[in-house]
Amino acid sequence: MTDKLFTFGADAVRAYIRALFAKAGWPDRDCAITADHLVQSDQSGHPSHGVGMVPTYVEAIVRGDLKPSSKANEKFRAGSILVLEGHTALGQPAAHDAVEAGIAIAREHGVAVVNLLHAHHIGRIGTYAEQAAQADMVGLFWVNVASTRAAVAPWGGRERRYGTNPQAIGIPRPGAQPFLLDFATSRIAVGKTRVAWLQGKRVPLGAVVDSEGRLTDDPGVLFPEYTGALNPFGEHKGYGLAMASELLSSIFGGGETIAESRDSQRIHNSMLAIIIDPAKFGGAAGDWKARVERFIEWTKSSAPSENAMEVLAPGDPEFRARALFGDQVRYDEQSWKQIAEAGLKVGLSQAEIPNPA
Ligand code: NAD
């Protein structure tokens with residue numbers, strides 16, 4: 001692997017990913033949602049959930065795990081509760097539609113509890129918090145990663161028991177990008193461990209544990225084979241949040257926890273979303289947007305600590321990254337090679353694959 005970066009026009013990469021999923025058989029709308037999501041993840045500074053995931057998705061298509069004929073459908077609906085069975089549908093459109101349905105329910109009832117079960121990988125969870133915030137809704141999201149190898153050890157354990165179980169919270173702000181908290185509950189991502197291993201680098205001490213339960217900085221405990229495990233972030237507290245992600249996303253709507261899923265290479269996400277319409281608090285929220293803003297500004301006005309330039313709000317790093325990327329996107333040589341090969345595998349021609357700017 002080299003550190004060389006190729007720069008592309010974001011529109012060209014979006015068009016390529018859209019064409020790739022269209023060639024594989026998905027309707028154009030689903031292709032567009034997926035392409036927009038993946039390119040935006042890259043531009044938000046989260047390449048682990050960007051276009052670099054496409055080779056993994058294409059492997060799933062080739063294996064027959066991910067199929068255009070698979071669609072999410074309604075399993076249960078009562079009042080403000082909606083459960084959708086994902087049937088391993090392409091994750092980004094399935095989750096997008098689940099959040100749209102939740103926004104409509106919240107407009108009517110004030111709150112929606114939407115449980116999307118067993119979708120294929122839904123990507124960056126913050127995307128859905130942003131989607132809710134754009135509709136002036138607060139959104140809370142808990143996600144598990146089932147039907148795939150566990151990667152994370154519980155606090156106090158050394159054997160892998162669950163995935164990187166992310167969570168997200170979005171709160172709209174007036175005339176500003178939303179408060180956007182969105183993170184995996186492992187201390188570092190599987191993808192970041194893989195990159196460190198490929199580059200011969202260490203990970204932060206204690207981010208991983210070896211097969212004997214010793215804290216280490218060696219990414220080799222996960223690659224090429226999983227012998228050790230990732231640790232949860234935030235010690236026992238992050239571990240508790242990871243368990244909450246697993247339980248909330250899968251139990252009540254009748255989905256699988258990772259303990260119940262069959263061993264498979266397939267990536268399955270289930271997501272519980274709670275969407276709240278602040279306008280439905282009978283006016284009690286008053287000038288809530290101005291008060292959110294005041295609190296954020298007050299917090300950020302704290303003088304920086306020794307190692308920081310300034311205090312940021314959750315979401316600031318992602319929105320700043322987008323502003324820096326502008327209409328461009330960048331990939332390292334190895335990642336782009338795999339992304340380009342994915343297009344060829346579904347039958348696109350070399351001419352349909354964009355060239356670096
Ligand atoms: P991360 O560690 O980069 O944390 C990101 C969060 O921290 C964001 O809300 C960001 O705004 C905030 N943040 C970062 N620096 C900050 C600062 N200085 N001040 C204030 N806030 C700050 O993210 P991660 O844990 O590596 O997760 C990356 C992505 O992976 C997320 O988008 C997550 O949804 C996604 N993910 C998806 C899955 C899945 O199965 N679909 C699994 C795990 C993670």
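This is a short chat about the predicted model shown above.

Reader: Where should I look for the largest nonpolar core, and how many residues has it?
Author: The largest nonpolar core has 34 residues. I17, L20, F21, V51, V54 and W336 have the most contacts inside it.

Reader: Which elements supply at least two residues each?
Author: Those are β1 (5–9), α1, α2 (28–43), α3 (54–63), β12 (328–332) and α10 (333–345). Helix α1 gives the most to this core, with six residues.

Reader: What does I17 touch?
Author: Leaving out residues up to four places away in sequence, I17 touches A35, L38, V51 and V54.

Reader: How far apart are A19 and I274?
Author: In sequence they are 255 residues apart, and in space 33 Å, C-alpha to C-alpha.

Reader: Changing topic: how do β6 and β7 run, and how many bridges join them?
Author: Strands β6 (residues 167–173) and β7 (residues 176–183) run antiparallel, and six bridges join them.

Reader: What sits between the two strands?
Author: There are two residues between β6 and β7, which form a hairpin. In the turn, G175 has a positive phi of about 60°.

Reader: Which residues other than glycine have a positive phi?
Author: H118 has one, about 55°, and E235 has one near 50°. H118 lies in strand β4 (residues 111–120), while E235 lies in helix α7 (residues 235–250).

Reader: Are those two buried or exposed?
Author: H118 is buried, because its relative accessible area is 11%. E235 is partly exposed, at 46%.

Reader: In what order do β8, β9 and β10 come in their sheet?
Author: The order is β9-β8-β10, in an open sheet with antiparallel pairing. The edge strands β9 (215–216) and β10 (229–230) each pair on one side only.

Reader: And how many bridges join β8 to β10?
Author: Two bridges join β8 (residues 208–209) to β10. V208 stands opposite L230 in β10.

Reader: What about the loop between β9 and β10?
Author: P224 is found there. A cis peptide bond joins F223 and P224, with omega about 0°.

Key:
Residues numbered from 1 in each chain as written. Predicted model: local features only at pLDDT ≥ 70, side-chain atom pairs only at ≥ 80, totals over all residues. Heavy atoms only, no water. Core = buried A, V, L, I, M, F, W, Y, C linked by side-chain atoms within 4.5 Å. Buried < 20%, exposed > 50% of the residue type's maximum accessible area, 1.4 Å probe, protein only. Helix = DSSP H or I, 4+ residues; strand = E, 2+ residues; numbered from the N terminus. Contact = heavy atoms within 4.5 Å. Pairing = 2+ DSSP bridges.
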